[in-house]
Amino acid sequence: MGTVPIMDPSIPRQVGDPHDPDSDPLETREWIEALDALIEAEGAERATFLLRRLLQHARTRRVPLPQVLATPYVNTIGLAEQPPYQGNLDIEARISALVRWNALAMVVRANRLSGELGGHIASYASAADLFEVGFNHFFRAGERGDLVYFQPHSAPGVYARAFLEGRLTEEQLDNYRRETGGKGLSSYPHPWLMPNFWQFPTGSMGLGPLFAIYQARFMRYLRDRAIVDTSGRKVWCFVGDGEMDEPEALAGLSIAAREKLDNLVLVVNCNLQRLDGPVRGNGSIVQELEGLFAGAGWNVVKLLWSSDWDPLFARDVHQWLEKRFLETVDGEFQTYAATSGAFNREHFFNKYPELRELVAHLSDDDIDRLRRGGHDPVKIFSAYWHALRHEGQPTVILAMTKKGYGMGSAGQGRMTTHQHKKLDTVELLAFRDRFALPIEDAACDACAFVRPPRESPEMAYLHARREKLGGYLPARSTKAEPLPTPEAKAFAKFALEADGKEMSTTVAFVRMVGALLRDASIGKRIVPIIADEGRTFGMADLFRQVGIYSPIGQLYEPEDQHQLSYYKEAVDGQILEEGINEAGAIASWVAAATSYSAHGVAMLPMYIYYSMFGFQRVGDEIWAAADSRSRGFLFGATAGRTTLSGEGLQHEDGTSHLIASTIPNCRAYDPGLACELAVILEDGMRRMLGEHEDVFYYVTLMNEVYAQPSLPEGAREGILRGMHRVREPGKPASAPPGFARKQKVRLLGAGTILQEALAAADLLENDWGVGAEVFSVTSFTELRREAMEVGRAERLGSRHSREEGNRRSWIEQQLPQSGSPVIAASDYVSAVADLIRPWIRDAYVALGTDGFGRSDTRASLRRFFEVDRHSIAVAALSALGDRRAGDAAKRYGIDTALPPPSRR
Ligand SMILES: Cc1ncc(C[n+]2csc(CCOP(=O)(O)OP(=O)(O)O)c2C)c(N)n1
């Protein structure tokens with residue numbers, strides 16, 4: 001038995017408590033009686049006022065104050081504040097038993113079929129009542145309904161309920177975790193795999209709570225900007241207590257409190273266990289989370305003990321129970337969950353004579369039946385009821401449960417229960433009896449699914465409840481109206497007709513966004529998102545143009561108020577300025593990018609960030625965004641390992657395009673020209689907002705300034721498919737008609753490195769008499785994808801779906817076998833250019849920026865990574881087998897003795 005170190009020493013102790021000696025018990029009693037009298041006569045509010053004043057005074061007198069962020073280990077909501085239960089507890093218990101049974105049967109059956117399928121029983125067993133009270137009384141469905149983020153490995157319970165509701169078939173349940181085999185069910189909530197069912201992917205622990213918080217915040221944004229009236233809608237998020245150790249799970253706590261998100265209820269299923277063992281064996285996860293959430297400014301509701309304990313609390317006038325709870329660490333609570341009433345009596349209650357006496361009238365079985373709060377619908381109902389009525393703060397409900405509840409010796413509270421998925425006949429029968437399920441022995445042994453007839457009282461009740469709450473959940477909708485999207489000439493004429501004007505693609509982007517924000521059709525739907533780098537990317541003008549969202553407007557006169565583009569915060573501000581918080585910014589982006597589904601109104605998020613702090617920093621969130629079928633733009637700005645010069649190892653991105661290429665629905669582009677950017681934006685908007693394609697775009701932007709050409713005739717298709725020719729091999733001025741250079745190379749350049757490829761072509765022609773054709777590669781990823789599709793179609797003898805009849809990929813069309821080598825260079829690791837190697841029939845050299853980024857000028861960096869014009873020219877000569885390659889290296893000052901950049 002240990003003591004919990006973080007327990008609050010201010011908890012009132014019983015007079016004469018040996019652990020908290022009182023030097024003057026009589027005086028203490030007088031103070032307490034005085035407070036009681038005050039509450040009695042003038043009410044709790046007055047008592048709060050006086051206590052606050054006393055504390056203030058004590059502080060000025062430098063009296064050390066007790067820690068105030070922890071309360072006793074009892075329910076926050078007292079019996080007197082409990083609303084009457086508004087349902088039929090008997091029927092609900094029978095429904096809940098059926099859901100529990102079917103969830104368990106699903107996992108056991110799947111594992112009888114194949115041990116490799118996995119699945120979890122114990123987590124849902126602990127969460128079942130938390131979910132069921134929600135389904136029967138709180139979760140509203142439909143367009144104006146609530147958004148529920150489910151604890152991922154409790155999915156079997158959600159499926160089991162949908163089965164009872166008639167929304168899933170027995171066959172689907174039987175195909176649990178085999179959704180690729182046909183009519184089955186995915187392991188965890190995945191909108192990609194079950195697009196009509198799951199709304200929010202939560203399988204990667206920690207993202208659920210973060211996404212839920214930013215969803216609640218985005219709902220306020222939609223309301224405040226008068227786009228959708230989201231008032232009254234709630235976000236519910238169910239999360240494991242072990243999961244709360246994920247940094248992402250805690251990352252949004254302060255914004256939720258700061259923005260007073262009382263439309264959010266987070267329910268932490270505190271079964272005190274995670275996968276390997278206890279969450280805080282030597283401490284108390286409930287007390288720890290209470291301190292964290294209360295400190296961040298949340299309304300904390302502890303839901304620890306069931307109604308069974310109320311009579312005991314009522315008789316326990318000297319708070320012996322509170323004292324005993326506080327000194328019990330979670331490792332012990334887990335043991336009490338796994339053991340019998342007799343054991344609990346012996347080890348928990350018998351420690352103090354007062355507690356022994358308190359339960360003397362109870363049998364061991366009675367003690368065994370003393371439930372934890374998260375298993376008592378009455379207490380759960382009360383906690384939810386209060387949470388919904390709480391104003392001005394988000395609410396967290398810390399619900400204590402038992403992991404594997406009802407699994408008896410097969411799993412309840414056992415160290416190994418998380419992965420327990422096999423139950424023998426005896427254990428199955430015991431489970432049936434424990435929940436009084438009407439199942440024959442043989443059916444029980446066979447783990448038969450059970451669904452009473454529609455007209456049975458249970459089913460009639462279940463459907464009536466859901467009808468009252470607007471329909472069934474979870475259900476994902478995609479009803480948003482398509483939006484007409486503008487043509488590039490409407491927002492990017494300057495880029496399409498650049499005619500040699502100098503600018504960077506970042507500057508071009510900012511101009512395009514500025515114009516798009518004024519577009520009558522989609523302007524209001526754009527959600528610009530930045531993570532404290534707006535000024536870096538030259539977006540400061542937008543601060544005033546559309547304002548920065550703040551739910552309380554601007555309470556101060558900004559220092560720069562007299563400037564044209566001052567820092568303007570407004571309730572209807574359009575920009576989400578997330579501060580230095582890429583995780584939060586992506587969470588906002590996901591909320592906006594899925595608004596077409598969650599809110600029936602398509603938004604167009606444009607999140608611009610330092611490209612290194614995207615896929616690398618929050619890659620898992622982007623993966624979840626892809627799973628969520630997000631539609632929107634991600635802009636990796638001042639991208640490229642050598643273009644963002646001077647910033648060094650941690651900022652210079654050479655990998656994001658490689659990671660982006662692994663995400664099936666991410667269309668990744670690295671345009672080097674402003675006109676290319678315009679075409680990509682135009683097409684992206686059309687596909688996402690007009691055609692409702694479930695894709696999102698990753699586009700890199702650079703801050704290098706150079707002359708921009710107008711959009712070449714006929715280039716549009718190539719830009720979108722991944723490459724187009726920008727330069728023919730040159731001819732000497734005096735060349736006779738029909739002149740052809742003997743040697744020719746083809747150079748591919750991506751992003752700003754296209755400029756190096758163009759310069760290399762000049763070097764090759766002028767210095768070495770080699771003809772060079774230059775292609776701008778806007779997307780190695782798109783080129784590869786299409787070529788793979790074509791190759792697969794050929795392999796399988798089927799027709800290529802996108803390009804019917806055309807059996808040659810775009811790469812092969814652009815770079816047919818010709819005997820001329822191909823040299824590609826990008827500002828990313830060479831593996832990016834290598835993505836297309838299999839389809840190039842001639843010698844192929846892929847140059848890239850492998851190695852750590854470093855601080856230097858652009859020219860030096862490009863030389864260092866060997867993607868500069870000279871290195872490209874030398875690579876071309878070498879690929880031609882031209883003996884002059886060595887001379888060229890010498891002439892251009894390339895030190896061939898240096899080790900490769902990745903080893904320097
Ligand atoms: C990011 C991440 N890490 C690890 C896992 C694997 N995992 C799934 S459930 C689980 C334990 C969950 O414990 P807890 O959150 O306490 O929930 P409980 O099952 O106890 O209700 C783990 C480690 C995961 N899904 N995601």
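Okay, let's start at the ligand: one of its oxygen atoms lies 2.9 Å from a backbone N or O atom of glutamate 243. I'm calling that a polar contact, meaning a pair of N or O atoms within 3.5 Å; within protein, one must be able to donate a hydrogen and the other to accept it, and residues adjacent in sequence count only if both atoms are side-chain atoms.

Quick caveat: this is a predicted model, where local features need pLDDT of at least 70 and side-chain atom pairs count only at pLDDT 80 or more, while totals for chains, interfaces and linings use all residues. Residues are numbered from 1 along each chain as its sequence is written, and side-chain values use heavy atoms, with hydrogens and water left out.

Back to the ligand. Histidine 153 puts a side-chain N or O atom 2.7 Å from a ligand oxygen, and glutamine 273 has a polar backbone atom 2.8 Å from one. There are 18 residues around the ligand (a heavy atom within 4 Å), and the nearest are Ser123, His153, Gly242, Gln273 and Lys403.

Now, cysteines. How many disulfides does the structure hold? Zero, where a disulfide is a pair of cysteine sulfur atoms within 2.5 Å. Take cysteine 237: the closest cysteine sulfur, in cysteine 270, is 13 Å away, so that's too far for a bond. Cysteine 444 is in no disulfide either, with the sulfur of cysteine 447 nearest at 7.1 Å.

Are those two buried or exposed? Buried is under 20% relative accessible area, exposed over 50%, partly exposed in between (1.4 Å probe, protein chains only). Cysteine 237 is buried at 1%, and cysteine 444 is buried at 0%.

Lysine 379 is buried, at 6% relative accessibility. Beyond its neighbours within four places in sequence, its contacts (heavy atoms within 4.5 Å) include Asn75, Trp305 and Asp310.

Most residues other than glycine have a negative phi, and most peptide bonds are trans. Arginine 62, though, has a positive phi of about 60°; it's in the loop between α2 and α3 and exposed at 69%. Alanine 226 also has a positive phi, near 60°, in the loop between α7 and β2, and is exposed at 68%. And the leucine 473 to proline 474 peptide bond is cis, omega near -10°, with proline 474 in the loop between α20 and α21.

Terms used. Helix = DSSP H or I, 4+ residues; strand = E, 2+ residues; numbered from the N terminus.
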